[in-house]
Amino acid sequence: MSDATAKKEQRRKFQAIRGTRDLLPPETALWNRVEQTVHEVFTTFGFGEIRVPIFETTDLFARAVGGETDIVSKEMYAFLDQPDLSDLENARNAVKELNPGITAAGKQELFELYVSNFISEIHKHVTAQDINLPRRAQSDFDTIQDRFRDLLTLPDTKDEDTNNKRRHLTFEIVIKVDLLRFGESISLRPEATASVCRAYIEHNMLQLPQPVKLFYTGPMFRRERPQKGRYRQFYQIGAEVLEGTRPEVVKDSPKELSKDAVIDAEVIEMLMTFFDKVGLQGATLYINSIGHNAENCRRGYVELLRAELQKEPERLGEDSQRRIDTNPLRVLDSKLESEQAIIATLPHIADHLCDECKTHYAAVKRQLELRGVLYQENWRLVRGLDYYMRTTFEITAPGLGSQNAVCGGGRYDGLVELLGGPPTKGIGFAIGEDRLILSLQESGKGQTQQGRDVYIAWMGERAYAAAIRAARDLRSAGFSVELPPVEQKFGKALSQADKLGAKYALILGDNEVSEALWTLKTLSTGEQEKFPEPELIDFLRQQKNVSS
Ligand code: ATP
Ligand code: MG
């Protein structure tokens with residue numbers, strides 16, 4: 001292999017991991033514009049930004065997103081976070097290695113010393129918070145301590161019975177010492193609602209004026225098959241409204257139902273305002289109500305659905321057949337061409353909602369109309385988890401192929417409680433920022449202002465000093481300036497300015513410096529004008545105001 005090939009090989013070794021990508025300028029300017037608009041619009045609706053960690057315990061997502069969902073069961077980046085604690089490992093090894101000689105005289109005391117040392121090492125690290133013991137480890141550790149206590153209280157006799165007990169306890173202790181794992185399973189977040197709810201509980205946000213309105217932006221991680229609009233690291237923009245319910249509040253009273261409907265509609269109004277501001281065209285809002293988890297409402301409907309599907313299961317694909325048992329609602333989600341005809345004959349949930357859910361859904365639609373938000377009803381819009389209730393919605397946008405959902409959302413009144421918090425209502429959404437950006441680009445709304453305002457073409461020592469001053473003054477006035485580090489012939493400088501998309505070239509040579517008149521060339525027209533130094537910035541400012 002030649003040197004050059006070897007070098008090329010080596011360079012090729014490092015590539016962004018499948019499903020992840022670099023976002024580069026000029027595209028990042030568009031990302032910034034989108035996120036800027038998020039801040040502007042969401043704050044006008046009274047939302048504040050929350051930043052939650054990129055990783056959390058796996059348990060949190062398993063609980064909140066659902067252990068049986070695709071996201072948790074196969075798409076999460078989970079790993080054991082194992083602390084590197086050499087003193088603790090030495091203490092562990094001491095116990096393990098002594099074991100075979102345990103019955104030999106004199107070794108018993110040493111064994112007890114080592115075990116007690118191991119136990120106190122753990123206590124030390126727990127106190128110092130270097131480790132925390134996940135549930136299983138805690139129970140293993142409890143066992144070690146119990147057995148050790150039993151061992152110490154054995155009578156100091158050498159009879160057969162006591163010896164057997166001693167051997168037995170020792171054996172158990174050694175096994176548990178060997179098995180004890182301090183690491184904790186943590187996962188890169190596949191979504192952020194779980195974290196926001198965790199934070200609501202952890203920071204006792206119930207004490208704040210309710211509802212608490214939060215938004216976030218940032219990367220999420222799911223091990224999916226990468227394709228257009230589907231990545232393994234992707235970005236979401238989301239918002240959540242959380243409202244702790246006081247004990248005296250009558251659940252599902254007309255007043256509460258109507259208030260919830262207003263909150264739902266306002267969240268959707270904010271979303272559509274944002275899409276509008278950011279320039280997304282052709283967005284369609286779909287809404288549905290999935291009722292609530294009760295016999296006279298969703299549960300009854302699900303049974304009906306199951307019965308219908310069971311009549312001719314062979315007409316369904318493999319996945320849907322499985323879902324007849326596990327989660328018949330998800331069958332409605334199916335995009336399989338072969339299943340569409342049968343799905344079209346299934347009963348609609350709207351005809352099986354309880355009175356409260358019906359009232360709430362009617363109120364949401366009225367509130368949307370009041371706000372001039374256009375929507376389409378889609379009875380097949382569902383969420384797979386029990387605590388999702390009533391309002392669900394999705395927004396699609398053009399230019400995205402089959403990955404055309406740019407936003408999904410819904411009401412999740414049971415979630416905070418499920419995570420160990422107080423009774424709390426919730427509604428939120430998550431926008432897929434990658435897809436939003438793609439759609440903006442496809443529709444030609446992805447342009448952001450690019451290129452430098454001014455390229456400074458200078459020649460000569462004296463001109464260079466003036467160029468540095470000009471660059472500083474222009475930059476502090478907010479212009480984007482390119483000051484080349486080496487002297488170039490004017491022709492070359494001007495072609496460089498063109499390549500960088502500069503609007504103006506400021507030409508500084510000996511003449512300009514001696515006359516104190518600076519030449520400004522408008523690159524699009526080729527026009528040239530001379531300005532005294534102080535007037536230059538004023539002129540550029542005026543031009544900028546005209547064009548923006
Ligand atoms: P889909 O049906 O497209 O897989 P989803 O139901 O998994 O979406 P949610 O979990 O509701 O999506 O997330 C909200 C939004 O996040 C989606 O509407 C989509 O725009 C975006 N999104 C979800 N997964 C990805 C991904 N892997 N890559 C890019 N965007 C994604
Ligand atoms: Mg998905």
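Let's start with the shell around ligand 1: six of its residues are nonpolar, four are polar and five are charged. Keep in mind that this is a predicted model.

Who sits closest? Of the 15 residues around the ligand, the nearest are Arg222, Glu224, Arg230, Tyr231 and Ala405.

Now the polar contacts. Take glutamate 224 to begin with. An N or O atom of its side chain is 2.6 Å from a nitrogen atom of ligand 1. Next, tyrosine 231. Here the backbone is involved: one of its N or O atoms lies 2.9 Å from a ligand nitrogen. Then arginine 435. A polar atom of that side chain is 3.0 Å from an oxygen atom of ligand 1.

How much of the ligand does the protein bury? On its own, ligand 1 exposes 580 Å², and the protein buries 80% of that.

Which strands build the shell? Three of them, β6 (233–244), β10 (405–411) and β11 (424–432), each give at least two residues. The largest share comes from β10, with four residues.

Stay with β10 for a moment, and move to helix α14. β10 is among the elements that cover the buried residues of α14. The others in that cover include α10 (254–278), β7 (284–289), β8 (376–377) and β9 (389–396).

The helix itself runs over residues 355–370, 16 residues in total. From first C-alpha to last it reaches 22 Å. That is close to the 22 Å expected at 1.5 Å a residue.

Which residues of α14 are buried? The list is Cys357, His360, Tyr361, Ala363, Val364, Lys365, Gln367 and Leu368. Note that Lys365 is on it. Just past the helix comes glycine 372, with a positive phi of about 70°.

Last stop, glutamine 227. Where is it? In the loop between β5 (212–221) and β6.

Buried would need under 20%, and exposed over 50%.

Its side chain has a partner. Glutamine 227 and glutamine 403 are joined, side chain to side chain, by a polar contact of 3.3 Å. For a sense of scale, look across to aspartate 473. Glutamine 227 and aspartate 473 are 246 residues apart in sequence. In space, C-alpha to C-alpha, the two are 47 Å apart.

That's the tour.

Conventions:
Residues are numbered from 1 along each chain as its sequence is written. Chains are lettered from A and ligands numbered from 1 in the order in which they are written. Side-chain values use heavy atoms; hydrogens and water are left out. A residue is near a molecule or strand if one of its heavy atoms lies within 4 Å of it. A polar contact is a pair of N or O atoms within 3.5 Å; within protein, one must be able to donate a hydrogen and the other to accept it, and residues adjacent in sequence count only if both atoms are side-chain atoms. Accessible areas come from the Shrake-Rupley method with a 1.4 Å probe; for residues, only the protein chains shown count as cover. Ala, Val, Leu, Ile, Met, Phe, Trp, Tyr, Cys and Pro count as nonpolar, Asp, Glu, Lys and Arg as charged, and the others, Gly among them, as polar. The expected span of a helix is 1.5 Å times one less than its number of residues. Buried means under 20% relative accessible area, exposed over 50%, partly exposed in between (1.4 Å probe, protein chains only). Contact means heavy atoms within 4.5 Å.
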